[in-house]
Amino acid sequence: MIYYLANLFHVVKINIRTFLKRKKIWSLIESSETIKLPVNTVENFKKLWNSFGNPSLNWIRMYAAVNKNSSYYYVPENIYYNEIEPRLNNKLFSLAYADKNFYEIILNSQKDIKLFPITFIRKINGVLYDKHYKHINFETANHIFQNIFQKKIIIKPSSGTAGGRNVHILIKDNNLWKLNGNYIGLKEIQEKYPKNFIIQEKIEQNVFF
């Protein structure tokens, strides 16, 4: 019974999350109201995905509006997260790799290849570390924080940031850091992220993307 309720709660949560994501994307697509799907595409879409619970045609309309291709092979996100992903991945195994603080240890085996942005401070299970995973106290961490030379940095939880949740850009102003226009110090950051966070340089995205 408990397992059933937990699974039901997970499905409802995923459905709400994907609905809100779809709603946001719809609001950005000017041509969304005029998308007309070919009859055979609709029929094939229903035939392919109906065994998973009559998925909304809004998924395929949204994808088609974005890339102008009305393929019926598009996977509705609620089906992907609720049905496909759990069958392909045992999420219990993923917990060991959920903390972004450990990616540099796991993946950066070739030290001459830069795979990651510069890390300044880490917080793992409530404990502060420097970029080399050396335990530091608050005073040392604060000194590092105040002397970061970049003009913009990223702070984010080291786990659970799907969709960019709680990922913020800090901007330097008169040698102090601002978050959303307000000055913020390491003390306030620790209160905002009590368990885990990572502070890194901000990477400028290539204009291609």
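A polar contact is taken here as a pair of N or O atoms within 3.5 Å, where, within protein, one atom must be able to donate a hydrogen and the other to accept it, and where residues adjacent in sequence count only if both atoms are side-chain atoms. The model is predicted, so local features need pLDDT of at least 70 and side-chain atom pairs count only at pLDDT 80 or more, whereas totals for chains, interfaces and linings use all residues. Residues are numbered from 1 along each chain as its sequence is written, and side-chain values use heavy atoms, with hydrogens and water left out.

**View 1. The start and the two faces of helix α7.** At the start of α7, a side-chain oxygen of Asn137 comes to within 3.3 Å of the backbone nitrogen of Glu139. Helices (H or I, at least four residues) and strands (E, at least two) are DSSP runs, numbered from the N terminus. Burial is judged by relative accessible area, buried being under 20%, exposed over 50% and partly exposed in between (1.4 Å probe, protein chains only). In α7, which spans residues 138–146, the buried residues are Ala141, Asn142 and Phe145. These three lie on the same side of α7 because they cover an arc of only 100° around the axis, the arc being that of the directions from the helix axis to the C-beta atoms. The exposed residues Glu139 and His143 are carried by the face of α7 that is turned away from its buried side.

View 2. Tyr133 is found in the loop between β2 (127–130) and α7. The phi angle of Tyr133 is near 70°, a positive value in a residue other than glycine, and Tyr133 counts as partly exposed, at 23% relative accessibility.

View 3. Seven strands form an open sheet in the order β2-β1-β7-β3-β4-β5-β6, with antiparallel pairing. Its edge strands are β2 and β6 (182–183), each of which pairs on one side only; two strands are said to pair if DSSP finds at least two bridges between them. Strand β1 (residues 119–124) pairs with β2 in the antiparallel sense over four bridges, and Ile121 stands opposite Asp130 in β2. The two strands form a hairpin with two residues between them, and Asn125 in the turn has a positive phi of about 50°. On β2, the covered face consists of Leu128 and Asp130, while the uncovered one consists of Val127 and Tyr129.

View 4. Asn175 is placed in the loop between β4 (168–173) and β5 (176–179), with phi near 65°, a positive value in a residue other than glycine. Asn175 is exposed, its relative accessible area being 60%. Strands β5 and β6 pair in the antiparallel sense over two bridges, and the bridge partner of Lys178 in β6 is Tyr183. The side chain of Lys178 also meets that of Asp173 in a salt bridge (3.5 Å, N to O), a salt bridge being a side-chain nitrogen of Lys or Arg within 4 Å of a carboxyl oxygen of Asp or Glu. Both partners are partly exposed, Asp173 with a relative accessible area of 26% and Lys178 with one of 24%.

View 5. The structure holds six salt bridges, including one between Glu77 and Lys21, in which the closest N and O atoms are 3.0 Å apart. This pair links distant parts of the chain, with Glu77 in helix α4 (residues 77–88) and Lys21 in helix α1 (residues 2–28), 56 residues apart. Glu77 counts as buried, at 14% relative accessibility, whereas Lys21 is partly exposed, with a relative accessible area of 40%. In helix α8 (residues 186–192), Lys187 and Glu191 lie four residues apart, about one turn of the helix, and their side chains meet in a salt bridge (3.1 Å, N to O). An α-helix has 3.6 residues a turn, so residues three or four places apart point the same way. Lys187 and Glu191 are both exposed.

**View 6. A nonpolar patch on the surface.** Tyr97, Phe102, Ile105, Ile106, Leu107 and Leu115 form a nonpolar surface patch, with about 590 Å² of accessible area together. Patches are made of residues with over 30% relative accessible area and no salt bridge, like charges being joined within 9 Å and nonpolar side chains (Val, Leu, Ile, Met, Phe, Trp, Tyr) within 5 Å; accessible areas come from the Shrake-Rupley method with a 1.4 Å probe, and for residues only the protein chains shown count as cover. Ile105, one of the patch residues, lies in helix α6 (residues 103–107) and is exposed, with a relative accessible area of 52%.
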